[in-house]
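This report goes through one structure by topic, beginning with the contact between its chains and ending with local details of the backbone and side chains.

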Amino acid sequence: MSVRVLIIDDSPVMRKILEGALRHSGLDLAEVLHAANGMEGLAALENSASEDRPLDLILCDVHMPQMNGLDFLLEKQRRNLAPRAPLVMITADASDPQVLKAVAAGAQGAITKPFTLKHIQKCVASLLLPPNEPAPSATGDAHE
Amino acid sequence: MKAGDCAQDQRIWQIDDIVADVFHMLLQQSCNVVGDAAAAGIDISAKVLLSGSIEAQCLVEFPQATAKKLTDAFLGCENNWENALIEDAVGELCNMIAGGWKSKLGALASASDLSVPAISRSRGPDRNTLNGRHLKMRRTYAFDNSPFTVTLAIRNPLDI
């Protein structure tokens, strides 16, 4: 299964770390899109919809300037953008009320930083792979 | 309570484990305590504030060479990174350390919010911005022979 992923985070370093983790997780990545905040994320979803190239997964930071992760989720739902793409919140603060609100509002999960490659692999596999299909093998030696 | 006593209170100061976890989980690198004196030649600092039921701050301070090495490690290769990217790497590390610390502080901390990292390249006489009575702990660590300093400060730690 070849997947398209959108990573939304105001930190370019964290976006690259997440992309690297996805690439090492064994997923067949067709494309990874980057956005620096919720507004850019919505624009990426609009573009994907207009080009008929649906996204398969969205990783989204919680605290960002201009539009945070929770507001992005609510606006995405209001506009009915990428309704089938699971959304996973990324946070350094596991007890952040914004994360709990996002999960209650429909986010499919949350990953706390720091994470390991296994965390990412397990999360992605649970959301993207059919039941009973084994998770892909991690490649490389980085981000175990 | 004196700061020295508080430093022994593992409910409050679990910073060594938190820093080690960040490096181990994300980078598969060890990061060890060097001492309590600040690292020499600080060029970049990042600060995250914890506000609400608990007021605290997490400050990380990096020499430029260590910050560059951290960015290399985060991004998986050596390069002449732009300063903005190097500062972002330091800010992300501070964010993860502060988040890990908050999770160790107990139920009261869950009603507090973390700020986004504030980056600075100027070194002031005292970067602790907490007012009133508070306790502070400073540790210097090294990964790959590169030192950096973490300072935690907290108000009213007896309330935890």
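## The interface between the chains

In this predicted model, chain A and chain B bury about 1700 Å² between them, and carbon and sulfur atoms give 66% of that area. The contact involves 21 residues of chain A and 20 residues of chain B. For the complex, the predictor gives an ipTM of 0.87 together with a pTM of 0.89.

Two salt bridges are counted between chain A and chain B, and in one pairing of this kind the side chains of A:Lys113 and B:Glu92 meet at 3.1 Å, N to O. Between the two chains there are also five residue pairs in polar contact, with both residues at pLDDT 80 or more. On the side of chain A that touches chain B, helix α1 (residues 12-24) of chain A gives the most, with five residues. Sorted by class, that side of chain A consists of nine nonpolar, six polar and six charged residues.

## Backbone features of chain A

A:Lys113, whose side chain meets B:Glu92 in the salt bridge described above, is also joined to A:Pro114 by a cis peptide bond, with omega at about 0°. A:Pro114 itself lies in the loop between β5 (109-112) and α5 (117-128) of chain A.

## Salt bridges within the model

Over all chains, the count of salt bridges comes to 15. One that lies within chain A brings together the side chains of A:Glu31 and A:Arg53, at 3.1 Å from N to O. The pair links distant parts of the chain, since A:Glu31 is in strand β2 (residues 28-35) of chain A, whereas A:Arg53 is in the loop between α2 (38-50) and β3 (57-61) of chain A, 22 residues apart.

## Strand pairing in chain B

Strand β2 (residues 44-52) of chain B pairs with strand β3 (residues 56-62) of chain B in the antiparallel sense over seven bridges, and a hairpin of three residues joins β2(B) to β3(B). Within this pairing, B:Leu50 has B:Ala56 in β3(B) as its bridge partner.

β2(B) also runs antiparallel to strand β5 (residues 118-120) of chain B, to which three bridges join it; here B:Ser45 has B:Ser120 in β5(B) as its bridge partner. With strand β4 (residues 112-114) of chain B, β2(B) again pairs in the antiparallel sense, over three bridges, and the partner of B:Ser51 in β4(B) is B:Asp113.

## Confidence along the chains

Chain A has a mean pLDDT of 90, with 90% of its residues reaching 70 or more. Over residues 140-144 of chain A, however, the pLDDT is below 50, and this stretch has 15 contacts in the model beyond near neighbours in sequence.

Chain B averages a pLDDT of 85, and 82% of its residues score at least 70. Confidence in chain B is lowest in helix α1 (residues 3-7) of chain B, at a mean of 45, and highest in helix α3 (residues 64-75) of chain B, at 97. Over residues 1-8 of chain B the pLDDT is below 50, and that stretch has 13 contacts in the model beyond near neighbours in sequence.

Conventions. Residues are numbered from 1 along each chain as its sequence is written. Chains are lettered from A and ligands numbered from 1 in the order in which they are written. Side-chain values use heavy atoms; hydrogens and water are left out. pLDDT is the predictor's confidence in each residue, from 0 to 100. Contact means heavy atoms within 4.5 Å. Buried area is the accessible area (1.4 Å probe) that two parts lose on being put together, summed over both. A salt bridge is a side-chain nitrogen of Lys or Arg within 4 Å of a carboxyl oxygen of Asp or Glu. A polar contact is a pair of N or O atoms within 3.5 Å; within protein, one must be able to donate a hydrogen and the other to accept it, and residues adjacent in sequence count only if both atoms are side-chain atoms. Helices (H or I, at least four residues) and strands (E, at least two) are DSSP runs, numbered from the N terminus. Ala, Val, Leu, Ile, Met, Phe, Trp, Tyr, Cys and Pro count as nonpolar, Asp, Glu, Lys and Arg as charged, and the others, Gly among them, as polar. Two strands pair if DSSP finds at least two bridges between them.
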